[in-house]
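Subject: A structure for you to explore

Hi there,

Here is the structure I promised to pass on to you. Please open it beside this email, and then read my notes below.

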Amino acid sequence: MTLEISSALLGRLLAEAQAAPGLEVCGLLFGTSALIAAAEPCANVAPDPARAFEIDPAALFAAHRRARAGGSAPIGHYHSHPTGRAEPSATDAAGAMGDGAVWLILAGQDARAWRTVKPGAFEAVEFDVVTSQS
Ligand SMILES: [Zn+2]
């Protein structure tokens, strides 16, 4: 299945990553298994945010609480690799839970989507950037 994202949303995320040189940015993704409809930037609370990311647990908790109240559920998250490639790092693999979550990884002008299908492993998700009107 192809995962779609609008060019406007992807552009916003790439700009957010570029505005934080040397640091990994991160946030939550919302939508369906076919569409990333929205993204919410979150604080990176990792001890070493230049080399890893950890989404602020309070933001994650708030998102799940909103989902229980009828909001859209988080389908995964995004983060940036300021110096690396848009592929899961060894650190990312260590954090992969195998829960089907989407991992969108940003590196420079590149973005690739992955899904964690079993603990420690990712599969590439076919990713389609759709030109949006706005
Ligand atoms: Zn990473």
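Cys-26 stands opposite His-79 in β4. On another strand, β3, Cys-26 stands opposite Cys-42. A word on the names: helices (H or I, at least four residues) and strands (E, at least two) are DSSP runs, numbered from the N terminus. Two strands pair if DSSP finds at least two bridges between them.

Before going further, please keep in mind that this is a predicted model: local features need pLDDT of at least 70, side-chain atom pairs count only at pLDDT 80 or more, and totals for chains, interfaces and linings use all residues. Residues are numbered from 1 along each chain as its sequence is written.

**The sheet**

Eight strands make up an open sheet with mixed pairing, in the order β7-β6-β5-β4-β2-β3-β1-β8. Its edge strands are β7 (121–125) and β8 (127–130), each of which pairs on one side only. On average, neighbouring strands of this sheet are turned by 35° against each other, direction ignored. For angles like this, axes are lines fitted to C-alpha atoms, for helices over the stretch in contact, and angles run from 0 to 180 degrees between N-to-C directions.

Strand β2 has a partner on each side: it pairs in the antiparallel sense with β3 over seven bridges, and with β4, also antiparallel, over five bridges. A hairpin of two residues joins β2 to β3. β3 (residues 35–42) also pairs with β1 (residues 3–6), in the parallel sense over two bridges, and there Ile-5 stands opposite Ile-36.

How many of the seven residues of β2 are buried? Five are, so β2 is largely enclosed by the rest of the structure. Here a residue is buried if 20 or more other C-beta atoms lie within 10 Å of its own, exposed if 12 or fewer, and partly exposed in between, with C-beta atoms placed from the backbone.

**The helix across the sheet**

Helix α1 (residues 7–18) lies across β1, β3, β4 (74–80), β5 (102–107), β6 (110–118) and β8, and runs at about 75° to β1. Contact means that the C-beta atoms of two residues, placed from the backbone, lie within 7 Å.

Which residues of α1 are buried? They are Leu-9, Leu-10, Leu-13 and Ala-17. These cover an arc of only 95° around the axis, which puts them on the same side of α1; the arc is that of the directions from the helix axis to the C-beta atoms. The face turned away from that buried side carries the exposed residues Ser-7 and Ala-15.

**The core**

In soluble globular proteins, nonpolar side chains tend to be buried together. A nonpolar core is a set of buried Ala, Val, Leu, Ile, Met, Phe, Trp, Tyr and Cys residues joined through C-beta atoms within 7 Å. The largest one here has 26 residues, and Leu-13, Leu-29, Ala-39, Tyr-78, Val-102, Leu-104 and Leu-106 have the most contacts inside it. β1, α1, β2 (26–32), β3, β4, β5 and β6 each supply at least two of its residues, and β5 gives the most, with five. Take Ala-39 as an example: leaving out residues up to four places away in sequence, it touches Leu-9, Leu-13, Gly-27, Leu-28, Leu-29 and Tyr-78.

Happy exploring!
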